[in-house]
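Please read each point with the structure in view.

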Amino acid sequence: MFERKEPYKSHKGKKRTLSHSETMDELVKMDELDTIDDLGELMKEFKAFHELDGVNQVHDQLIQAKPRVADMPIPHELDDHIQKGLTKGIKAQKVWRFRKWTTLVACFLLVAFITTARVSPAVAAVLHQIPGLGYIVELINYDKGLQSAVENDFILPIGVSDEHENIVFTVDGIIMDEASLVIFYTVENKRGEGTFDFFDVRLLDEMGEPLKEITIGHSSAGEPDKDGDGKIQSRINVNFYDNTVIPNRLSLKVKLREIFQDVPFDPSSQLPSTWELTIPVEKDKFVGMKTVYEVNQSVVIEGQRITFEKITVYPTRMSLNVSYDPANSKKIFAFDDLTLVNEEGEEWGSIINGVSGSYPDENHVILFFQSNYFTQSKKLFLRGKSIRAMDKESLRITLDPEKERILVGPPNLMLDQVIKNPSEKTKELIFSLKTNPLYDEKRGFSIFPFEFMDAQGNSFEIKGQSTATDSDKPGYDKTLGLTLPDNQSYQSPITFQIQDYPSRITGEFDIKIK
């Protein structure tokens, strides 16, 4: 499923976190479309994947079903569903939402999930033996490092709960080291019907002070209750930095808000209670568990110099420090296919389900990879060939919402329409984007930042944006939605600084790490 991602916050102003290049949120609600009946059956079969005894059997059955899924027809009335979804826009403040808009895309991603995200029976065995932690199998499907950590007895069962307003919030277990903390939790709704999302998440030390130099990210707590048992289960990702002081005990405080379908975000939906739980920190279990490789090698790709400085390997993740030459003519956005590979060809890619990195400043980046800490490799290489980048002089989009025109902007981007929503005091800008199918077929793009400047040089915030992984406009393959406030006095034209775009420089490199 696509994952909803809240903006990650750092207590240090200069740090900015990178978004997932390919995260997963919720499937589009298409219950009335007969053509997804087969997909529903496949999903039911897939639930059996989490039963240890049936892992291999179910996997084989799903692989056999792949051609049937891929050949499902796309219904004619799907365009109506796409348009309805786009006009609804994004309802919450500063929330990136990535959606699948067609049956074809939904099926493709399901097949990709089946063929690339198989948890080993050994990992499943460990989790199913610990009461209440079996669901974690699904949450670490896309992270080889966390799977390896679980297999090596690096998960700590917690089982502490707090209940208010007939809602029980439970921390079931954690995986923790000097680099990060992954909190696995359950929200149980005893009210009956109702869906909830996080309104606020905080982590405090023993003195009740907010933990400094961290980023906190989480998927939505409001995922549908698939099992009908009133329970929602997911994870919170906490990232530490070199100067983070990890206390001996942590206090997790969360506030929840109720979600009403097709109703925009409203602060009054926040529940009055605060759920607070204590998380013990067993430092003896992880302090000093890291390996550092000094790399200090540079590559030049189409005239752009990039230096790989060092790699630090922890049980939960690897971090790669990278610097860009200030004299480069292009802004480096991201690496498309950067991986670490050992002598046997086993690969460790970037973090998919969580924070994928941070920017200390505009010429330095720290990239996070799945960990190979528990894997004994004789050799290790850093390989890649495609990098998203754009000329520094072209990093802006200027548009006139009233005239529905892009005045200055990159190629392959078109403003299709502007939809006003008077009741919500917003306007939706719908764009079409052409991307590279080799790299971008399953990727959503957050091209626009959260702020824009008007013609008078004043700064304003957007309400949200979305990326649809398909487009019905000939020649284009993505649909972007941008939600602007329509109750503030900003003067057109307005300008955005591009923060990511599907333009690239290419050149293979292979760097020996050890």
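With which side chain does the side chain of serine 377 make a polar contact?

1. The side chain of serine 377 makes a polar contact with the side chain of asparagine 342, at 3.3 Å. A polar contact is a pair of N or O atoms within 3.5 Å; within protein, one must be able to donate a hydrogen and the other to accept it, and residues adjacent in sequence count only if both atoms are side-chain atoms. Serine 377 sits in the loop between strand S19 (364-369) and strand S20 (380-391). Helices (H or I, at least four residues) and strands (E, at least two) are DSSP runs, numbered from the N terminus. With 10% relative accessibility, serine 377 counts as buried; buried means under 20% relative accessible area, exposed over 50%, and partly exposed in between (1.4 Å probe, protein chains only).

2. On the basis of the note: this is a predicted model, in which local features need pLDDT of at least 70 and side-chain atom pairs count only at pLDDT 80 or more, while totals for chains, interfaces and linings use all residues. Residues are numbered from 1 along each chain as its sequence is written, and side-chain values use heavy atoms, with hydrogens and water left out.

3. Helix H7 (residues 144-151) is mostly covered, six of its eight residues being buried. Those buried residues are Gly145, Leu146, Gln147, Ser148, Ala149 and Val150. At the start of H7, a side-chain oxygen of aspartate 143 comes to within 2.9 Å of the backbone nitrogen of glycine 145. Just after the helix H7, aspartate 153 adopts a positive phi of about 60°.

4. Salt bridges deserve a separate point. A salt bridge is a side-chain nitrogen of Lys or Arg within 4 Å of a carboxyl oxygen of Asp or Glu, and a search of the whole structure finds 15 of them. One joins the side chains of glutamate 163 and lysine 190 (3.5 Å, N to O). Glutamate 163 lies in strand S4 (residues 155-164) and lysine 190 in the loop between strand S6 (180-189) and strand S7 (195-204), so the pair ties together parts that are 27 residues apart in sequence. Glutamate 163 is partly exposed at 39% relative accessible area, and lysine 190 is partly exposed at 45%.

5. The side chains of arginine 191 and glutamate 165 also meet in a salt bridge (3.1 Å, N to O). This pair links distant parts of the chain, with arginine 191 in the loop between S6 and S7 and glutamate 165 in the loop between S4 and S5, 26 residues apart. Arginine 191 is partly exposed, with a relative accessible area of 36%, and glutamate 165 is partly exposed, with 26%.

6. Is each partner in the salt bridge of glutamate 402 and lysine 427 buried or exposed? The closest N and O atoms of glutamate 402 and lysine 427 are 3.4 Å apart. Glutamate 402 is in the loop between strand S21 (396-400) and strand S22 (405-408), and lysine 427 is in strand S24 (residues 426-433), 25 residues apart. Glutamate 402 counts as exposed at 52% relative accessibility, whereas lysine 427 counts as buried at 3%. Elsewhere, salt bridges that share partners join Asp336, Arg388, Asp440, Asp500 and Arg504 into one network.

7. Aromatic pairs number 13 in a search of the whole structure. Rings of Phe, Tyr and Trp (its six-membered ring) pair if their centres lie within 6.5 Å; planes under 30 degrees apart count as stacked, over 60 as edge-to-face and the rest as tilted. Phenylalanine 308 and phenylalanine 335 have ring centres 6.0 Å apart and planes at 45°, so the pair is tilted. Phenylalanine 308 belongs to strand S13 (residues 304-313) and phenylalanine 335 to strand S15 (residues 330-335), 27 residues apart. Both phenylalanine 308 and phenylalanine 335 are buried.

8. Phenylalanine 452 and phenylalanine 460 form a stacked aromatic pair, 5.7 Å centre to centre with 20° between the planes. Phenylalanine 452 counts as buried at 1% relative accessibility, and phenylalanine 460 is buried with a relative accessible area of 12%. Phe431, Phe448, Phe452, Phe460, Tyr490 and Phe496 form one aromatic cluster.
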